[in-house]
Amino acid sequence: MVYQYIERTAIPAWGPQQSEPLLAAGTVAGAMDATFSNTSSLELFRLSTSEDTAALEAVGKATASARFQRLAWSGKVESGSLGVLAGGLENGDITVWDPAKILSGEDEAAVLHSSAAHTGAVGGLEFNPFQANLMASGAGNGEVFIWDIVSEFKSYSPGARSQRIENVTDLSWNNQVQHILATASDTGALVVWDLRSRREVIALNGPG
């Protein structure tokens, strides 16, 4: 049995390719490592097919402006690509990297986009399962943005700000209908958005 492990306190995300599995790990917010370092990094690991039991070493590394709250890896935006990696950071930044450039050691050139888009820590981040170029993010003050990573990273709101949600704690695209997005909040409310009509269509409320 192959037993491999990564000695990191990190948020993970799997790459889109199946023939050569890659795993990304971003330094998680709110945790301290053994060296008491306050730096943040995004590392890539390649899973080995050997039968050795060992800790995996990073095959690529990039720095980040803050620690990670969320990490998402898109599907293949174009044929043969490794997609893009997006980090939702504790300072509200959204940063997008080219994983191919991280693997080739081009740390600075790997950053495709960085934006102080949100108020407070990013609580939700996910790529659309049908359209790999679309990404949703959510954070404080009920902020929800839809990003198009092939159109100069332009972002827009899925509708007027919902009065039911405060800090977005998570979000998820519908896996059957590509223009439906759900956002959860620390108020106990879950709001469903229709991106075609650009409005809130359903709201569910729970105790917390």
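Tutor: Two strands pair if DSSP finds at least two bridges between them. Helices (H or I, at least four residues) and strands (E, at least two) are DSSP runs, numbered from the N terminus. This is a predicted model, in which local features need pLDDT of at least 70 and side-chain atom pairs count only at pLDDT 80 or more, while totals for chains, interfaces and linings use all residues. Residues are numbered from 1 along each chain as its sequence is written, and side-chain values use heavy atoms, with hydrogens and water left out.

Student: Over how many bridges do E9 and strand E10 pair?

Tutor: Strand E10 covers residues 111–115. Within E10, Val 111 is the bridge partner of Trp 97. The pairing of E9 and E10 is antiparallel, and the number of bridges is four.

Student: In E9, which residue is the bridge partner of Gly 88?

Tutor: Strand E8 (residues 85–89) also pairs with E9 in the antiparallel sense, over four bridges. The hairpin of E8 and E9 has four residues between the strands, and Gly 92 takes a positive phi near 95° there. The bridge partner of Gly 88 in E9 is Ile 94.

Student: Which residues of strand E9 point the other way from Ile 94 and Val 96?

Tutor: Strand E9 spans residues 94–97, and its residues on both sides are buried, where buried means under 20% relative accessible area, exposed over 50% and partly exposed in between (1.4 Å probe, protein chains only). Ile 94 and Val 96 point one way; those pointing the other way are Thr 95 and Trp 97.

Student: Which side chain does a polar contact of 2.8 Å join to that of Ser 137?

Tutor: Ser 137 lies in strand E12 (residues 134–138) and counts as buried because its relative accessibility is 0%. A polar contact is a pair of N or O atoms within 3.5 Å; within protein, one must be able to donate a hydrogen and the other to accept it, and residues adjacent in sequence count only if both atoms are side-chain atoms. The side chain joined to Ser 137 at 2.8 Å is that of Trp 147.

Student: Is Val 168 buried or exposed?

Tutor: Val 168 is found in strand E15 (residues 168–173). Its C-alpha atom is separated by 5.5 Å from that of Gly 138, 30 residues apart along the chain. Because its relative accessible area is 4%, Val 168 is buried.
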